[in-house]
Amino acid sequence: MATRADSLNEGPAVDRPHEGGGDPCPEAALRDVLYAARGAAECDPLVNPIQRTAIELARRLRDGSLDPPTLERLVRRLTRTAFLARAARLRAYLGETDPAANKARIEELVRALATAPDGTPQPFEQFAERVGRVHFGFVITAHPTFALSERLSELLVALALKRDASGRPLAAAEEAALIAEVEALSHRPDTVLDLAAEQRRAIKVLRNLRAAIEQVHAIVFEVARALWPERSSELVPRLLSCASWVGYDTDGRTDIDWSTTIASRLKLQLEQLAHYAAQVRALRAEVAPGDPLAALLELIEARLALALKSCSEEYEALSAGASGAEAEARLARTARAIAQGLPWRLKDAAELAVLVERCLAGARDPEHQVRLARLRASIATFGLALARTHLRLNALQIHNAVRKLVGLDHPPDDPTRRLSYLEAITRLIDTVEPVTINFGSLVQEKASARRVMMIACCLLKYLDNTEPIRLLIAECESPFTLLAALYLAKLFGVAEKLDITPLFETKKALERGVAILEEALAVPAWRAYLEQRGRICIQTGYSDAGRYLGQVAAAVAIEKLRLGLIELLTRHGLADLEVVIFDTHGESIGRGAHPESLAARFAYLDTPECRRRFAAARLKVVEETSWQGGDGYLLLESEASALAVVTRALEHVLTPPPLEPDPFYSETVYVDEFFAAVRLFNERVLEDPAYSALLGLFGTNLLYPSGSRPMRRQFDPGIRPSLVDHPTQLRAIPHNAILQQLGVLANTIGGVGQAIAKDPEHFHRLYRESPRFRALMRMVEYAFMFTDFDVTRALAQRFDPGFWLLRARAAREGPASEELLTIAAHIERIGLFDRLARILRVLERDHLDLAIALREHRRRTRGAGETPIAVDPTTRDNLHLLHALRLALIERIAHTAVQVPDFSDRHEVTRDTLVEALLRLEVEPALQLLSRIFPVLESEREPLDWGEPSTYAGDREQSYAQEHALLFRPLAADYDLVRRIGSAVIHHIGAFG
């Protein structure tokens, strides 16, 4: 029988004394309460140690022994501990972080490309081809994971690397000062978190990536000069690429209009052109005035200055918005200026590259030659912008754009109409006549997909007509979607520069992904399009796939898709196409990031088996990964961390995979059935209304908003918005973030226990013998470590009327008892607990099966040095105290909620509904309503002399300052602490959502 020792609570009941010296803080005393509760739980399985600790903390909050200053200090200390643990984990995750060591490692990798095993140089042309193509791509996104302020992000990376922003090692006193700052700050996102702020942070990390990539280019030239001194300047190394969809992602967003997208792209162009101008200016300063090279450099500098001026003016005009008659007039003036200046615009990176080539031909100084060659390499890698462009929309938007043209009255994969729809869209492709557009067309167009194609057209026409643009299509489940996108691309004249990329993430898309591609290939126009582009691009998604199928089952399905793509291209004679695989995943296990290390993360996505089979088929592959929002930016926050990430990426793509066979790929019957069991479990849970009730327990209210896209829709408290009718109402990131706060990482561990139970012996053998299976199970083990049903049950019990009735009985008589009875009545009316109890039984039973299997595996392998699957004691204590403290604060919020005075029914919400909203932690909107219902009147100016006295007070005396002071402001303060504790929980887990 599994016990609490098989979960997060693993370890003895008696723990070591508190570390940290004699600083006066209540942590030690509270730990004593926690340890006593754990001791009681060891003797009585019905005791929940976190619940018992929370009840004691709630008592101390009520009687004042845990006063506000002490409470604040406690939250800060616990958060600091969590933050420092996160920094240590980040340091280990990145691997080597010393810039000198990473440069040496890059040189080693490049030298291995340039030389044979005996050290003799390879043919120069072979080396030039290998370094001249992209092997790995970074895609910067604006996923809502900005749970940390920018300053806290900087502090986290500085403490992880033990280096300042310039890369200099921190002295002990400097490190201590940073830790003190960590404790002093509130751990929450920046107050202003809009799209502009996200782009500013994206540009910051893109600059760091650019610096790292240019370091790689410098190393390539150093190696080449040593081996081929006469030809090294011929090289145009690339190896790595950068792209962004920040400001371009219109999938599910209505706040990004066409002018925002073009302005975002102009901002990246301004950044890169300014970077080129600075390099040219620095080089020209070192060239003698009479040297012909100086005149050529001056020409480039003047060309860049003109381009910067026009881009800056256009950015200012477009970033001001596109709505309203005045805005349209301003945009029309800008559009006319752009169109009239088109013949003289710098809109082709090749033009700049040609000018640099002329400089190279005329340069005599070897150092000048190298710097010019590096500049040419940057132009080849980045083009005219700091990052390549990824436009994004969803399949439904594509379908709506052609619906009337093909009579699309049913889903495109309706078996009674599917072939007719394919035939109709194929005819459109074959007969399409390209149209011309102007900026006015964008203003008038309402269809999202057509507008996105127009944006692509404008970017290619006015900004950089050599840049390939990626079109990412979410929820792609039919070949019709690809063909419809191709029709639109041809209609707007962008097909030759647009890479149409289906996202395979839903269950149906992953199961039929290869079939979808094959059916599209049956259409000659699609095949011709791929051959003209010379590449095939697909996107895989781990976030929603992990939610629908279970995270490890999703990873297996995605790998099968990749392996099936190899067979498809070989079968159709398309092995000469470059294969671009964009693995969209995040930094948490719930979004597909392996927790062991960055190296393990890359191997988890792009497995050794996939790499071996792609190599055997002689297919050239570009592996791309997303760096999602604030969590993704953390890894690239400094130049030193970006260099570490770039080094790990190059190690992954340039080091041959291991050759030993893996039984995971031969024991297909067991493997398929194992992950089918995982998938079926998660599908059942996802469709269970009780699971929706669990997600809607507090919804996203335990957390701060973490991005410019709201985590949930705006609402009126009267409709109880934290209720979730179905998990698909939530996006994957808030869905996962809720599970993290509830202490049950169900989308990663769910179903694994039942899958193991079918054949435990086979499981143990495959775990022992298969590297791939072990990598998958390491994901499960990490989620297991941070799953704690004591936490989940304690939170769920807040919606058990019986819990509050027992508390009322224990309180005997008086105001506290009356408040507890009132809370119980409201909780009864909410009516969640029966559903919560049912889904918890389902999840916990599966968790117990998993615990038994993992404990048995540890028993079998302990002699080989296997460590227990548990968090360390400090983390365990800290997490339990954080959860207990938050539960106590939630209880105090409940007591405050039922003290809200009654009010008239003329308002848009009843008092009962508002109290219940507060019990669900809908605090901010409830407080907004309360501030209108119970206004605090501002002091009036000195009254005028009206000639006679009046004793009537009127509304001047109806200010509710007392309610605000005693109820509403304390509510806001407690709720802020609740969310700050949520941030600390995120620190321990390591990523948001």
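This is a predicted model: local features need pLDDT of at least 70, side-chain atom pairs count only at pLDDT 80 or more; totals for chains, interfaces and linings use all residues.
**View 1. Helix H8 crosses helix H26.**
H8 covers residues 195-227 and H26 covers residues 639-654. Their axes come within 8 Å and cross at roughly 55°. The two helices are therefore oblique to each other. H8 passes H26 in a right-handed crossing. On the H8 side, the contact is made by Asn208, Leu209, Ala211, Ala212, Gln215 and Val216. H26 contributes Glu639, Ala642, Leu643, Val646 and Leu650. By class, the residues of this contact are eight nonpolar, two polar and one charged.

**View 2. Helix H12 packs with helix H13.**
H12 spans residues 349-362, and H13 spans residues 366-382. Their axes lie 10 Å apart, at an angle of about 170°. Angles over 145 degrees count as roughly antiparallel, so H12 is roughly antiparallel to H13. From H12, the contact uses Ala349, Leu352, Ala353, Val356, Glu357, Cys359 and Leu360. From H13, it uses Gln369, Leu372, Ala373, Leu375, Arg376 and Ile379. Ten of these contact residues are nonpolar, one is polar and two are charged.

**View 3. Helix H33 is largely enclosed by the rest of the structure.**
H33 runs over residues 771-785. At 1.5 Å a residue, its 15 residues should span 21 Å. The end C-alpha atoms are 21 Å apart, which agrees. Twelve of the 15 residues are buried, so the helix is largely enclosed. Among the buried residues are Phe773, Leu776, Tyr782 and Phe784. Arg772 and Glu781 of H33 are buried too.

Methods
Residues are numbered from 1 along each chain as its sequence is written. Side-chain values use heavy atoms; hydrogens and water are left out. Axes are lines fitted to C-alpha atoms, for helices over the stretch in contact, and angles run from 0 to 180 degrees between N-to-C directions. Helices (H or I, at least four residues) and strands (E, at least two) are DSSP runs, numbered from the N terminus. Angles under 35 degrees count as roughly parallel, over 145 as roughly antiparallel, 65 to 115 as roughly perpendicular and the rest as oblique. A crossing is left-handed if the near helix is turned anticlockwise from the far one by less than a right angle, and right-handed if clockwise. Contact means heavy atoms within 4.5 Å. Ala, Val, Leu, Ile, Met, Phe, Trp, Tyr, Cys and Pro count as nonpolar, Asp, Glu, Lys and Arg as charged, and the others, Gly among them, as polar. The expected span of a helix is 1.5 Å times one less than its number of residues. Buried means under 20% relative accessible area, exposed over 50%, partly exposed in between (1.4 Å probe, protein chains only).
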